[in-house]
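This report covers two regions of one chain. Please read it alongside the sequence and the model.

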Amino acid sequence: MSEAEGRWGEVWETTGGVYRVELGGGEQVDAFLRGRLKREARAGDRVVVGDRVRVVSEPGADESTWTIEEVEPRRSQIVRRSGPGRKAKAVAANVDRLVVVASVVAPDPRPEVIDRLLVLAESDEVPAVLVLNKVDLPGGEASAKALSAIYRPIGYDVRTVSAETGEGLPPLAALLSEGVSAFVGPSGVGKSSLLNAIHPGLSLRTGDVSRRLQRGRHTTVSSRLIPLPGGGLVADTPGFADVGVWGVGESEVERCYPEIARWAEQCRFRGCAHAGEPGCAVIEAIEAGEIAPSRLESFRLLRDEARADARHGGRRNG
Ligand SMILES: Nc1nc2c(ncn2[C@@H]2O[C@H](COP(=O)(O)OP(=O)(O)OP(=O)(O)O)[C@@H](O)[C@H]2O)c(=O)[nH]1
Ligand SMILES: [Zn+2]
């Protein structure tokens, strides 16, 4: 490809309308949107970190300016919905895995919160890894066992770790060294501690800090992909933690619970709500211990939320 046709790279940082593009080997340029892409961005179809873009340079008085001319179709994307009825917006593209972090104690794990994040991964069709942190704390082992017993049989990759002692970290580090990972999870579960334990010195912005920054200075908080010393990238985007499932359709919620969807195929009635209908295979699976009661509980909650959201006119945006 000649210089006139531009060069392909990956968006590593977005701040307002400036896109920092990594062209390979550490060579980076700041690029801007023009024309059609700018109009699309205004309409909500933004260019986000992780996007593969073609940039073209135009000679200027001092230095050349770069513009983004083309965006490669995304392999995957993580979308965030800021509230019921709001449009879903992409926050990161071409993400290889969503690392859902929970702490086994302090704060105590809340299955509903874990399920929400797993639903997000399923809905975005990004593989999820469930990381159970703080196993070093009293009661940690037992809690990790109980959670593993819920999530492993569903097919999720569950890892028990401690950022404090380093237990379980080498295999997690190996996983992160490939592709783009995004960490999600409630405040205080140890997301930054895990990354700092794996790569000391990594300056990851913690949820609290970014929230403070957002309030204190009226600047746009940037989203970044942080390159890890051993390879791989971690998405650091503000607001990841504030996820609802707003915009996931009522019928889509069931698909986002793989084990419930599997059993539902054997319910007597099509469109069974698993709420006491005769011949409900899901209820039978609960009674047989094949599905965890907490999963059906959160499923019902999220389905009701999706139904209420649909009434508010919320809809999923690609
Ligand atoms: N005992 C123990 N404490 C941990 C572990 N991991 C993190 N902590 C502690 O838990 C607290 C929260 O850790 P953070 O890494 O700030 O949590 P976070 O998920 O990044 O939180 P936000 O930035 O608010 O989203 C800190 O006091 C950590 O020292 C662990 O494996 N064991
Ligand atoms: Zn049923």
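## Strand pairing and annotated cysteines

Strand 10 (residues 157-160) has Val158 and Thr160 on its covered face, while Asp157 and Arg159 make up the uncovered one. Helices (H or I, at least four residues) and strands (E, at least two) are DSSP runs, numbered from the N terminus. This is a predicted model, in which local features need pLDDT of at least 70, side-chain atom pairs count only at pLDDT 80 or more, and totals for chains, interfaces and linings use all residues. Residues are numbered from 1 along each chain as its sequence is written, and chains are lettered from A and ligands numbered from 1 in the order in which they are written.

Strand 10 runs parallel to strand 9 (residues 128-133), and four bridges join them; pairing requires at least two DSSP bridges between two strands. Threonine 160 of strand 10 is the bridge partner of leucine 132. Together with helix 3 (residues 140-151), strands 9 and 10 form a right-handed β-α-β unit (with the strands pointing away from the viewer, the path from the first strand over the helix to the second runs clockwise).

An unreviewed UniProt entry lists Cys267, Cys272, His274 and Cys280 under "binding site"; such annotations may be inferred rather than shown by experiment. Cysteine 267 is in the loop between helix 8 (258-264) and helix 9 (281-287), and cysteine 280 lies in the loop between helix 8 and helix 9.

Burial counts other C-beta atoms, placed from the backbone, within 10 Å: 20 or more is buried, 12 or fewer exposed, in between partly exposed. Contact means C-beta atoms within 7 Å; the table leaves aside residues up to four places away in sequence.

| Residue | C-beta atoms within 10 Å | Class | Contacts |
|---|---|---|---|
| Cys267 | 19 | partly exposed | Cys272, Gly279, Cys280, Ala281, Val282 |

Note on methods. Contact = placed C-beta atoms within 7 Å.
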